[in-house]
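Please read them with the structure open.

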Amino acid sequence: SLLKSIFPVKSFNKDIVLIIIDDKSVLGVKGLFENDRNVYAKGLKILKELNPKTVGLDMLFTAQTTDSQDTNLVEAVRSFNGNIVIKAFRNDDLTQTPPFAGLVRYSAPSYFKNYIDKAIRSISLVLNSTDGKVNLSFQTKLWANFKDIDLNDISFNDGYLNVKNEKIVKLINSEYMLLNYDKPLRFRRFSFFDLYNKNIPA
């Protein structure tokens, strides 16, 4: 059409799919609003059947609930054989709140902040915590999983994220990568409701 020729719309990125918890999900999936972990466990098991290369779970499961709910969620996460990363809450520049004990090994901190204005934001790729450990961020681990990069091959020095000593991403303050929010990429999006009811195409 004439409109599209004047204002071309970029095609969707076919490699990344966003599953969102929307009003349709909250109203249509019993137990989701109450944070029933069996619901998330079932959603992950259905997602596993679609054979994703890697999964990022942007949910914070801090305190333990019932043994059965926690066990079911942990088993669902383990079924991905390490190809899943769960967001840990970043408290400040040195500490984080991870998920409950059964999910800690799969977690990584995430942290965004404005760089100059809301159009340019900085995203943390690494957290040097109070215990002296270097913690790869949620985004870094997801990227590594997606690119089949061994986490042990990633290092941070000379102001870069390096893979096998090759400079990959230039960092701000030895930690941050910049994102341009004025030119966001477009991704396919589906409701958690549709995932839960197996209405998402493979």
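1. Helices here are DSSP runs of H or I with at least four residues, strands are runs of E with at least two, and both are numbered from the N terminus. On that basis α5 is followed by D148, which has a positive phi near 60 degrees. For background, most residues other than glycine have a negative phi. The model is predicted, and the points below should be read as comments on a prediction.

2. Helix α5 covers residues 138–146, and its buried residues are F138, Q139, T140, K141, A144 and N145. In general, residues three or four places apart in an α-helix point the same way, because there are 3.6 residues a turn. One of the buried residues, N145, is also in contact with N83.

3. Two further residues have a positive phi. N51 has a phi of about 60 degrees and is not a glycine. N51 sits in the loop that runs between α3 and β2 (55–57). Its relative accessibility is 65%, so N51 counts as exposed.

4. N173 is likewise not a glycine, and its phi is positive at about 55 degrees. The loop that holds N173 lies between β12 (166–170) and β13 (176–180). N173 counts as exposed because its relative accessibility is 63%.

5. The loop between β12 and β13 also contains S174. With a relative accessibility of 47%, S174 counts as partly exposed. Along the chain S174 and Y160 are 14 residues apart, while 6.8 Å separates their C-alpha atoms.

6. How do helices α3 and α4 pack? Their angle is about 20 degrees and their axes are 8 Å apart, with α3 spanning residues 37–49 and α4 residues 67–78. Angles under 35 degrees count as roughly parallel, and α3 and α4 are therefore roughly parallel to each other. Their crossing is left-handed. On the α3 side the contact is made by R37, N38, Y40, A41, L44 and K45, and on the α4 side by S68, Q69, D70, N72, L73, A76 and V77. Sorted by class, the residues of this contact are six nonpolar, four polar and three charged.

7. N83 belongs to the loop between α4 and β3 (84–90). It has a relative accessible area of 32%, so N83 is partly exposed. N83 and K53 are 30 residues apart in sequence, yet their C-alpha atoms are 7.1 Å apart in space. Setting aside neighbours within four places in sequence, N83 contacts K53, T54, V55 and N145.

8. Is N135 buried or exposed? Its relative accessibility is 19%, and N135 therefore counts as buried, the cut-off for buried being under 20%. N135 is part of strand β9 (residues 134–136). Its side chain reaches the backbone oxygen of K133 at 3.3 Å. Not counting residues up to four places away in sequence, N135 touches Q96, P109, V126, L127 and S129.

9. I120 is in strand β7, which covers residues 120–124. Its relative accessible area of 22% means that I120 is partly exposed. Beyond four places in sequence, I120 touches N114, Y115, L178, L179 and N180. What separates I120 from L103? The two are 17 residues apart in sequence, and the distance from C-alpha to C-alpha is 32 Å.

10. D93 is placed in the loop between β3 and β4 (96–97). D93 counts as partly exposed because its relative accessibility is 48%. D93 and Y111 are 18 residues apart along the chain, with their C-alpha atoms separated by 9.1 Å. Y111 is also among the residues that D93 touches, together with L127, N128 and Y176, when residues up to four places away in sequence are not counted. L127 is one of the residues touched by N135 as well.

Note on methods
Residues numbered from 1 in each chain as written. Predicted model: local features only at pLDDT ≥ 70, side-chain atom pairs only at ≥ 80, totals over all residues. Heavy atoms only, no water. Axes fitted to C-alpha atoms, helices over the stretch in contact; angles between N-to-C directions. Parallel < 35°, antiparallel > 145°, perpendicular 65-115°, else oblique. Left-handed = near helix turned anticlockwise from the far one by under 90°. Contact = heavy atoms within 4.5 Å. Nonpolar A, V, L, I, M, F, W, Y, C, P; charged D, E, K, R; others polar. Buried < 20%, exposed > 50% of the residue type's maximum accessible area, 1.4 Å probe, protein only. Polar contact = N/O pair within 3.5 Å; in protein donor to acceptor, adjacent residues only side chain to side chain.
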